[in-house]
There are 2 protein chains.
Amino acid sequence: MRVRVRLGASEAHDVIVGRGLLGDLGALVAQHAPAHRCVVIADDVVAAHYADDAMTALHGSGFEPTLLTFPAGEASKTREQWARLTDLMLDDGCGRDTTVVALGGGVTGDLAGFVAAAFMRGVPLVQVPTSLLAMVDAAIGGKTAVDVPAGKNLVGAFHAPAVVIVDPDLLRTLPTVELRQGLAEAVKHGAISDAAHLDWIEFAAGPLLSADADALDELVRFSIQTKARIVSDDPWERAERATLNAGHTIAHALERCTRFSIPHGDAVAIGLVVEAVAGEAAAITEPGTAQRLAAVLATVGLPTRPPAIPAASVLEATRSDKKGRGGTIRYSLLRRPGQAARAGDGGWTQALPDDSVAAALDSLAR
Amino acid sequence: MRVRVRLGASEAHDVIVGRGLLGDLGALVAQHAPAHRCVVIADDVVAAHYADDAMTALHGSGFEPTLLTFPAGEASKTREQWARLTDLMLDDGCGRDTTVVALGGGVTGDLAGFVAAAFMRGVPLVQVPTSLLAMVDAAIGGKTAVDVPAGKNLVGAFHAPAVVIVDPDLLRTLPTVELRQGLAEAVKHGAISDAAHLDWIEFAAGPLLSADADALDELVRFSIQTKARIVSDDPWERAERATLNAGHTIAHALERCTRFSIPHGDAVAIGLVVEAVAGEAAAITEPGTAQRLAAVLATVGLPTRPPAIPAASVLEATRSDKKGRGGTIRYSLLRRPGQAARAGDGGWTQALPDDSVAAALDSLAR
């Protein structure tokens, strides 16, 4: 499957999905991002699983690739690690005519993506996501970033990949807890665009959680088509791309309140339910929406109730979200399961009274 | 005067030129880069001259601007200073809805430009160049960068400014030695596009070097129109933008060989002459071109002969230029004074035999 993602008037990239595609990496890089040099960036865990296959495939197409690794984990997503990887490329003699291959999950895509974005003012980037979260979300759309002391993803760039190569077979080595993180975003994709997809996730929960290749392949294809369609023509998040932030205003606040000890997918799952309850109270979201989302999320083992944090602290944390403009917090709400809510002003985000958000948090608290 | 610079299919920015425009900074920022917050970045020397005027103008249009300064000089153009300025903006509570004003010369434009490019994946940037070099060259076209141990400008981004505001009156405080650096690029603009402009620079050399406001105003307007025309439609330097690199292959090598103790404009002046002599030897450049360029450059007090460095070292240094692709060094040559040379393949760069470049260096050496 090949899906086109348009980013603005002049940029676009393909997402290519297929089992076993890692074996074709060399040919795909040669086709979509031909370059004199090729650098593969991966964390040490992913490198242990897949670096050999990736390097062999690149050699097979005439590249003499360099492998650069870094310690797995969000703690590596820093300006310091970005500078280290950049300097290693320079020491290795890489010039403008170099392609960067980001082989890994969301951390690798963000970090290696920013390396490519700022290397000699930008060199081609090939995203090869290895986690479900990265396949259905992070690797698509051109966002790159690192974390800084003031917060996550606050420094970075938009840098469209030359191509995104999604091989669902790579998910066979992904721990179940990591699979769930991607499932939260997949549920979100159904929640904003297609109620039938929610039904299917519920139906396929068993195979999905046991990493059944066919089930994951179908899940990944649906999410990528959904995200590609929404991101195309709205790369700068001025309109419909905002629907992809459903659940995320509360999710980001919960992550901040827990100092990011809560996994992102768990936070999104809880955020979807909290925002649906608050949306129902504000008569924006149809009654029963929160209950339906909670049922689907529970089927795949995701949490639906916020941890014990005072509602006032969560609300306070929403205000430091970088999407806040002039102090007004916007939510990307649902009309009903399978449909995002359009605001009265034609936009896809709207304000909510603090009281109804606090009431939603309190009513759901564990 | 208002000149439009097109950068690709979807991006463009205006360059506005006028004496006294610094006093209109607030209105111009409000018009071209409206934002909730506004941060002015300047080095300590420029801040002492112009920060008060800039802040007053911004206050007058309702902004509550923040001023951030750093020590003047190329030594500040680092990832560390970039990270410091970014963190100061975050500590100050700046969000996505912030405009960065780069008030200064080339170092400030590059450094503050990269701060804006990577701040929350890019916020609006207003370039207010205060040196002649920045007015006629660095501030236009969207290049931003910092230096790293491996070399200059190796990390950065293309980030189109929302607007470039050029106030030639700011040149009254610029030392003559700095004026000359900008004159080298102005001579280059004449050399690649208009022989009559070379005549005019020769004619106006006295007033230019004494910082006569009318002469500088005319010089700046010509150069900006020239650069804007060439950069438009070729922002990624795939075609005609390469003509702006005339003299620069040798200039960068001389800078590297002298560990950047030679000023950039001096290096460009020498590079223009060396490359013209070598181009004449290769029968690409018409005889007499090098002599004509040397005469104009000498009139404004710029050097035209390389320092005593072995030709082999200079040639070796050209090979580490980031524009080198697969080891072939390309030069942007002239056909004659006022006209760039088109290569046989239709491009604007071509290779030269090492021997003829070495002979040119040797024949000109002091």
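Visitor: How many aromatic pairs does a search of the whole structure find over all chains?

Guide: In this predicted model, a search of the whole structure finds five aromatic pairs over all chains. In one of them, the rings of Trp82(B) and Phe114(B) have their centres 4.9 Å apart and their planes at 25 degrees.

Visitor: Why is the pair of Trp82(B) and Phe114(B) called stacked?

Guide: Rings pair if their centres lie within 6.5 Å, and planes under 30 degrees apart count as stacked; with centres 4.9 Å apart and planes at 25 degrees, Trp82(B) and Phe114(B) meet both conditions, so the pair is stacked. The pair links distant parts of the chain, since Trp82(B) belongs to helix H3 (residues 79-91) of chain B and Phe114(B) to helix H4 (residues 106-118) of chain B, 32 residues apart. Ring pairs also link Trp82(A), Phe114(A), Trp82(B) and Phe114(B) into a cluster.

Visitor: What makes Trp82(B) and Phe114(B) count as buried or exposed?

Guide: The cut-off for buried is under 20% relative accessible area; Trp82(B) has 0% and therefore counts as buried, and Phe114(B), at 1%, counts as buried too.

Visitor: How do you know what relation holds between chain B and chain A?

Guide: Chain B can be laid on chain A by a turn of 180 degrees and a shift of 0.0 Å along the axis, with an RMSD of 0.0 Å. That is the relation of a two-fold axis. As for the surface through which the copies meet, 100% of the interface residues of chain B are also interface residues in chain A, so the copies meet through the same surface.

Visitor: Why is helix H4 of chain A described as largely enclosed by the rest of the structure?

Guide: Of the 13 residues of H4(A), 12 are buried, and therefore H4(A) is largely enclosed by the rest of the structure. The buried residues include Val107(A), Asp110(A), Leu111(A), Phe114(A) and Val115(A).

Visitor: How do you know that the span of helix H4 of chain A agrees with its number of residues?

Guide: The expected span is 1.5 Å times one less than the number of residues; for the 13 residues of helix H4 (residues 106-118) of chain A this gives 18 Å, and the end C-alpha atoms are 18 Å apart, so the two values agree. H4(A) is followed by Met120(A), whose phi is positive, near 50 degrees.

Visitor: What makes a positive phi at Ala211(A) worth a remark?

Guide: Most residues other than glycine have a negative phi. Ala211(A) is not a glycine, yet it has a positive phi of about 60 degrees. Ala211(A) lies in the loop between helix H8 (205-209) and helix H9 (213-231) of chain A, and with a relative accessible area of 25% Ala211(A) is partly exposed. In chain B, Arg259(B), which is not a glycine either, has a positive phi of about 50 degrees, and its place is the loop between helix H10 (248-257) and helix H11 (264-281).

Visitor: Why is Arg259(B) called exposed?

Guide: Exposed requires over 50% relative accessible area, and Arg259(B), at 77% relative accessibility, therefore counts as exposed.

Visitor: Why is Ser131(A) called buried, and which residues does it touch?

Guide: At 9% relative accessibility, Ser131(A) falls under the 20% cut-off and so counts as buried. Ser131(A) sits in the loop between strand S6 (125-129) and helix H5 (132-138) of chain A. Not counting residues up to four places away in sequence, Ser131(A) touches Gly104(A), Gly105(A), Gly106(A), Leu171(A) and Leu174(A).

Visitor: What makes Val296(B) buried, and which residues does it touch?

Guide: Val296(B), placed in helix H12 (residues 289-299) of chain B, has 0% relative accessibility and therefore counts as buried. Val296(B) touches Val187(B), Leu198(B), Ile201(B) and Glu202(B), not counting residues up to four places away in sequence.

Visitor: How many disulfides are found over all chains, and why is Cys257(A) called partly exposed?

Guide: A search of the whole structure finds zero disulfides over all chains.

Terms used:
Residues are numbered from 1 along each chain as its sequence is written. Chains are lettered from A and ligands numbered from 1 in the order in which they are written. This is a predicted model: local features need pLDDT of at least 70, side-chain atom pairs count only at pLDDT 80 or more; totals for chains, interfaces and linings use all residues. Side-chain values use heavy atoms; hydrogens and water are left out. Helices (H or I, at least four residues) and strands (E, at least two) are DSSP runs, numbered from the N terminus. Buried means under 20% relative accessible area, exposed over 50%, partly exposed in between (1.4 Å probe, protein chains only). Contact means heavy atoms within 4.5 Å. Copies are superposed by least squares on the C-alpha atoms of residues with pLDDT of at least 70 in both. A disulfide is a pair of cysteine sulfur atoms within 2.5 Å. Rings of Phe, Tyr and Trp (its six-membered ring) pair if their centres lie within 6.5 Å; planes under 30 degrees apart count as stacked, over 60 as edge-to-face and the rest as tilted.
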